[in-house]
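Keep the sequence and the 3D view side by side as you read.

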Amino acid sequence: TGEIALDSSVLFGGDSAVLTAEGKAFLNKFIKAYTTVAFSDKYSGFISKTMVEGHTAPVQGSTYASGLKLSEERALNVKNYCLSADTGVDVSVLNNTLENVGYSNSKPVYDANGSVNMAASRRVSFRFIVNVEF
């Protein structure tokens, strides 16, 4: 697998799952680059699935259940946007490979000192599942 993590502040405002104009512009660039490389003749069939993963930070007083809805909505909104014509890219190659999941605060990002990096933990990740028989 491989993973590209996008800071949620690039895509969303505050504790929102609504993509900002800046977030959409960023995803347009990302999807163009991703589809150009991942689905080129050279790598055709290499990626079997791409998971769009939503994550929240483990803020004090939050629980897995309280962050799950936001993480799921963020992942779903990013996936739906990536599959839309609004990207300006032929995203038909993504139709059968893109899936979404929310992880709430269950997978925080840690800094070099072992402390939770709250900003980095608020993210949407693209995890690539590769075809080992490629």
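This is a predicted model. Begin with Glu 53 and Arg 127, which form a salt bridge whose closest N and O atoms are 3.1 Å apart. Glu 53 sits in strand β2 and Arg 127 in strand β4, so this pair ties together parts that are 74 residues apart in sequence. Is Glu 53 buried or exposed? Its relative accessibility is 2%, so Glu 53 counts as buried. In general, side chains of opposite charge can pair when their charged atoms come close.

How many salt bridges does the structure hold? The count is four. One of them joins the side chains of Glu 99 and Lys 49, at 4.0 Å from N to O. Glu 99 belongs to strand β3 and Lys 49 to strand β2, so the contact ties together parts that are 50 residues apart in sequence. Glu 99 has a relative accessible area of 36%, so it is partly exposed. Lys 49 is also partly exposed, at 30% relative accessibility.

The side chains of Glu 73 and Lys 69 meet at 3.7 Å, N to O. Both residues lie in helix α3, four residues apart, which is about one turn of the helix. Glu 73, at 32% relative accessibility, counts as partly exposed. Lys 69, at 56%, counts as exposed.

Now turn to the sheet. Four strands make an open sheet in the order β1-β4-β2-β3, and the pairing is mixed. Which strands stand at the edges? They are β1 (2–7) and β3 (98–102); each has a single partner strand, so one side of each is left without a neighbour in the sheet. From one strand to the next, the twist averages 20°. Strand β2 (residues 47–55) runs parallel to β3, and five bridges join the two. Gly 54 stands opposite Gly 102 in β3. Helix α3 (residues 64–82) packs on this sheet and touches β2, β3 and β4 (123–130). The direction of α3 makes about 160° with that of β3.

The largest nonpolar core has 22 residues, and Leu 11, Leu 27, Val 78 and Phe 126 touch the most other members. At least two residues of this core come from each of α2 (21–38), β2, α3 and β4. Which element gives the largest share? It is α2, with five residues. In soluble globular proteins, nonpolar side chains tend to be buried together.

Look at Leu 11 in detail. Leaving aside residues up to four places away in sequence, Leu 11 touches Leu 6, Val 18, Leu 19, Thr 20, Gly 23, Phe 26, Leu 27, Val 78 and Val 124. Among these partners, Leu 27 and Val 78 are also listed with Leu 11 as touching the most other core members.

Most residues other than glycine have a negative phi. Ser 104 is not a glycine, yet its phi is positive, at about 55°. Where does Ser 104 lie? It is in the loop between β3 and α4 (118–121). Ser 104 has a relative accessible area of 0%, so it is buried; the cut-off for buried is under 20%.

Conventions: Residues numbered from 1 in each chain as written. Predicted model: local features only at pLDDT ≥ 70, side-chain atom pairs only at ≥ 80, totals over all residues. Heavy atoms only, no water. Pairing = 2+ DSSP bridges. Axes fitted to C-alpha atoms, helices over the stretch in contact; angles between N-to-C directions. Contact = heavy atoms within 4.5 Å. Core = buried A, V, L, I, M, F, W, Y, C linked by side-chain atoms within 4.5 Å. Buried < 20%, exposed > 50% of the residue type's maximum accessible area, 1.4 Å probe, protein only.
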